[in-house]
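Thanks for asking me to look this one over.

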Amino acid sequence: MIPKSEWKDVTHIFVTHGDIDHYWHTDRVAEASNAPVICNKTMVKNIKGKTLMLGPRDKGLAFTTPIKKLHTISVDETIQLDGMSITGIKTTHGPVILKLGPFSKTLHPGPKERAGWGAIGFKIQFDGKTIVNFGDTLLHKKEWQKIKNPDVLMIPIGGRIIPNTMGEKEALQAVRIMKPKLVIPCHYNCPAFFSKKYNPADDKMFKNKVEKMGIECPIMKYEDEIII
């Protein structure tokens with residue numbers, strides 16, 4: 001979604017998990033921009049003395065890709081980078097259902113499956129603001145109670161039918177737990193696998209319920225900007 005002409009302007013790359021649709025150009029953008037990559041420690045292995053990331057375009061769990069500027073983090077760990085305080089947040093990617101006509105295959109995240117590999121969320125504190133991005137995840141009520149009033153919460157809502165993330169109902173529970181100032185719903189109504197709405201969600205209903213809590217909830221479209 002980011003044009004190649006803009007890759008050089010990227011300052012930091014946060015990897016929420018290793019699914020190829022989220023991760024395909026990571027090394028290419030890092031090379032074009034010289035931006036550091038921040039990811040879960042499980043996205044990296046030391047092989048014959050070399051630190052290598054999970055290959056963005058490799059099949060399966062192949063660790064083949066060197067990254068010049070690499071910063072790894074674990075859940076509940078905090079690192080300092082370029083004036084930012086970055087904390088890893090517990091997330092869990094749900095099962096991925098691939099459909100082609102009458103045929104379907106379910107990929108369950110696990111120790112031998114790439115789907116959802118390296119899942120982690122980020123709490124990013126910078127210049128007096130706090131931004132939380134979960135990537136693709138199911139609900140974690142207990143673990144997220146420690147997150148209080150972030151300025152921005154980016155949260156998936158498209159898991160009602162394809163349960164690889166939270167649906168609207170679970171995402172609303174997460175919003176009530178954290179009470180952010182602004183919520184950006186994401187990962188829904190995605191074009192994929194010959195479908196125009198692979199992860200269907202009712203964003204208008206979600207927005208309405210969030211705003212009844214006194215919380216801003218813009219529905220962003222391609223090229224929209226938010227200044228906080």
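**Notes on the model**

1. Lys207 pairs with Glu211 in a salt bridge whose closest N and O atoms are 2.8 Å apart; the term requires a side-chain nitrogen of Lys or Arg within 4 Å of a carboxyl oxygen of Asp or Glu. Both residues belong to helix H5, four residues apart, or about one turn of the helix. Lys207 is partly exposed at 26% relative accessible area, and Glu211 is partly exposed too, at 39%. Here buried means under 20% relative accessible area, exposed over 50%, and partly exposed in between (1.4 Å probe, protein chains only).

2. A word on the basis: this is a predicted model, where local features need pLDDT of at least 70 and side-chain atom pairs count only at pLDDT 80 or more, while totals for chains, interfaces and linings use all residues. Residues are numbered from 1 along each chain as its sequence is written, and side-chain values use heavy atoms, with hydrogens and water left out.

3. How many salt bridges does the structure hold? There are seven. One of them joins Lys41 to Glu77, with 3.4 Å between the closest N and O atoms. Lys41 sits in the loop between strands E2 (37–40) and E3 (44–47), and Glu77 in the loop between E6 (70–73) and E7 (78–81), so the pair ties together parts that are 36 residues apart in sequence. Helices (H or I, at least four residues) and strands (E, at least two) are DSSP runs, numbered from the N terminus.

4. Another bridge links Asp9 and Lys8, with the closest N and O atoms 3.9 Å apart. Asp9 is exposed, at 51%, and Lys8 is exposed as well, at 54%.

5. Disulfides (cysteine sulfur pairs within 2.5 Å) number zero in the structure. For Cys39, the nearest cysteine sulfur is that of Cys186, 19 Å away; Cys39 is buried, at 0% relative accessibility. The sulfur of Cys190 has its closest cysteine sulfur in Cys186, but at 8.8 Å that is too far for a bond.

6. On the surface, Glu6, Glu223, Asp224 and Glu225 gather in a negatively charged patch. Patches are made of residues with over 30% relative accessible area and no salt bridge, joining like charges within 9 Å and nonpolar side chains (Val, Leu, Ile, Met, Phe, Trp, Tyr) within 5 Å. Glu223, in the segment after helix H5 (203–211), is exposed at 68% relative accessibility.

Technical notes
Accessible areas come from the Shrake-Rupley method with a 1.4 Å probe; for residues, only the protein chains shown count as cover. Lys and Arg count as positive and Asp and Glu as negative; His and the chain ends are not counted. The place of a charge is taken as NZ of Lys, CZ of Arg, CG of Asp or CD of Glu.
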